[in-house]
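Try each task yourself, then follow the solution step by step.

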Amino acid sequence: MKVDGTPYRSLWWDKTQGALQIIDQRWLPHDFRIQQLDTLAEYCEAITGMHVRGAPLIGATAAYGMALAARLDPSDTALDQAWERLHATRPTAINLRWALDRCRAALLALPEAARADAALQLAHDIADEDVEINRSIGLHGFEIIKEIASRKPAGEPVRLLTHCNAGWIATVDWGTATSPMYHAHDAGIPIHVWVDETRPRNQGALTAWELGSHGIPHSYITDNAGGHLMQHGEVDMVIVGTDRTTRSGDVCNKIGTYLKALAAKDNGVPFYVALPSPTIDWTVSDGVAEIPIEERAVQEVSHVQGTLPEGGIGTVQVTPKGCPVGNPAFDVTPSRLVTGLITERGVCEASEAGLAALFPDLASPTGAA
Ligand code: MRU
């Protein structure tokens with residue numbers, strides 16, 4: 001996607017530097033900064049500290065981290081250690097483990113001398129595949145938006161609601177939940193997006209920045225506004241991303257997603273989840289019981305970051321000093337609340353049968369990937 005007219009991916013390999021470049025998302029939407037990652041410690045901090053974020057992007061970044069590790073020391077021991085360090089960065093998004101497992105398995109099967117080049121190529125492949133997956137999700141989601149548009153008076157926008165940022169900067173490109181929006185807008189179907197602010201880190205501001213850059217009409221709303229808008233017939237469809245979806249179709253995503261799904265169910269609003277296949281955890285069935293939920297720093301809740309009136313970026317405290325704070329970063333929406341999963345292979349029911357029918361090559365009777 002473009003930033004000020006220049007096409008970008010959210011990460012890219014700089015051949016001259018022999019290093020990965022990322023968009024440092026800590027500063028968006030206020031400032032557009034690029035960071036080069038040179039050490040494994042920097043890769044780990046980039047993921048933990050959310051310089052990069054969003055399940056698919058975390059996976060792709062980790063793959064480049066394994067490539068760095070293989071260049072520095074291609075031994076089995078060093079690769080295992082790199083796997084451990086990268087895996088410990090964030091617990092919820094399964095794309096991290098998916099990418100790390102894929103890299104480790106491919107590299108350990110090779111002689112040590114071949115590992116560095118193979119690892120870098122594999123990271124490129126994972127990044128390119130992510131772009132293709134998201135483009136395809138967009139085409140399938142577009143069909144749903146088109147169908148809703150066909151039932152509306154000509155020119156009336158399809159009103160979508162999204163939570164968090166499942167946009168192009170949360171992936172390598174296109175985004176998952178935003179890809180159908182980009183496709184619909186580019187095809188001339190009028191849409192309007194309600195963008196949940198997504199406290200505590202306000203990832204909605206990232207989504208608003210993306211949509212605004214692309215000329216897509218949108219409104220930034222508080223996290224608590226969605227139910228009210230749905231009750232008043234102001235939402236035609238909810239579409240969100242996911243950090244881990246179980247083989248039974250339970251969807252783990254940014255905290256607050258579950259409440260949106262409940263409100264959608266109560267108001268007969270279709271609730272769709274954009275799901276790339278690397279985000280399916282085939283080993284887990286009960287999302288509420290089995291998915292680890294990341295608990296992040298309390299400062300994310302007690303403070304907010306923004307542009308200061310005198311310029312520059314600053315943080316201010318919103319809670320009383322010393323106020324106890326909790327910060328669970330994700331929640332699980334049970335499959336019964338999900339209208340459909342929009343994957344790169346098509347749309348399916350949020351159920352074991354639905355996913356297995358689309359991905360027979362990935363699903364196994366034991367649930368193992
Ligand atoms: O904590 P974050 O910002 O990494 O959480 C991101 C989300 O919850 C996204 O909705 C999800 O990763 C899907 S991104 C395509």
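## Exercise 1: A residue in a helix

A69 is found in helix α2, where helices (H or I, at least four residues) and strands (E, at least two) are DSSP runs, numbered from the N terminus. Before going further, note that this is a predicted model, in which local features need pLDDT of at least 70, side-chain atom pairs count only at pLDDT 80 or more, and totals for chains, interfaces and linings use all residues. Residues are numbered from 1 along each chain as its sequence is written, and side-chain values use heavy atoms, with hydrogens and water left out.

**Task.** Decide whether A69 is buried or exposed, and find which residues A69 touches.

**Solution.** 
- Step 1: A69 has a relative accessibility of 9%, so A69 counts as buried. Buried means under 20% relative accessible area, exposed over 50%, and partly exposed in between (1.4 Å probe, protein chains only).
- Step 2: Not counting residues up to four places away in sequence, A69 touches P74, L79 and A82. Contact here means heavy atoms within 4.5 Å.
- Step 3: For a sense of distance, look at H51, which is 18 residues from A69 along the chain; their C-alpha atoms are separated by 20 Å.

## Exercise 2: Another helix residue

**Task.** Find the helix that holds L40, and list what L40 is in contact with.

**Solution.** 
- Step 1: Helix α1 covers residues 40-48, and L40 lies in it.
- Step 2: L40 counts as buried because its relative accessibility is 12%.
- Step 3: Leaving aside neighbours within four places in sequence, L40 is in contact with G65, L68, A82, R85 and L86.
- Step 4: S10 is 30 residues from L40 in sequence, and 19 Å from L40 in space, C-alpha to C-alpha.

## Exercise 3: Around the ligand

**Task.** How many residues surround the ligand, and which elements give two or more residues to the shell around it?

**Solution.** 
- Step 1: The ligand is surrounded by 18 residues, and the closest are R53, R90, D243, N253 and K254. A residue counts as near when one of its heavy atoms lies within 4 Å of the molecule.
- Step 2: Now look for polar contacts (pairs of N or O atoms within 3.5 Å; within protein, one must be able to donate a hydrogen and the other to accept it, and residues adjacent in sequence count only if both atoms are side-chain atoms). An oxygen atom of the ligand lies 2.9 Å from a backbone N or O atom of G54. R90 has a polar side-chain atom 2.8 Å from an oxygen atom of the ligand. For D243, an N or O atom in the side chain is 2.7 Å from a ligand oxygen atom.
- Step 3: On its own the ligand has 420 Å² of accessible area, and the protein covers 100% of that. Accessible areas come from the Shrake-Rupley method with a 1.4 Å probe.
- Step 4: Two elements to look for in the shell are α2 (55-72) and β11 (251-254), the ones that give two or more residues to it.

## Exercise 4: A strand residue and a loop residue

**Task.** Where are T333 and D24 placed, and which polar contacts do their side chains make?

**Solution.** 
- Step 1: T333 belongs to strand β16 (residues 330-333), and a relative accessible area of 0% is why T333 is called buried.
- Step 2: The T333 side chain reaches the backbone nitrogen of Y258 at 3.5 Å. Residues touching T333 include D250, V251, F271 and V338.
- Step 3: D24 is in the loop between β4 (19-23) and β5 (34-37). D24 counts as buried because its relative accessibility is 4%.
- Step 4: The side chains of D24 and R26 are joined by a polar contact of 2.6 Å. Beyond the neighbours within four places in sequence, D24 is in contact with R33, Q35 and H51.

## Exercise 5: Backbone exceptions

**Solution.** 
- Step 1: The bond from L28 to P29 is cis, with omega near 5°, and P29 is found in the loop between β4 and β5.
- Step 2: The bond from R199 to P200 is also cis, with omega near 15°.
- Step 3: T198 is not a glycine, yet its phi is positive, about 70°. T198 is found in the loop between β7 and α7.
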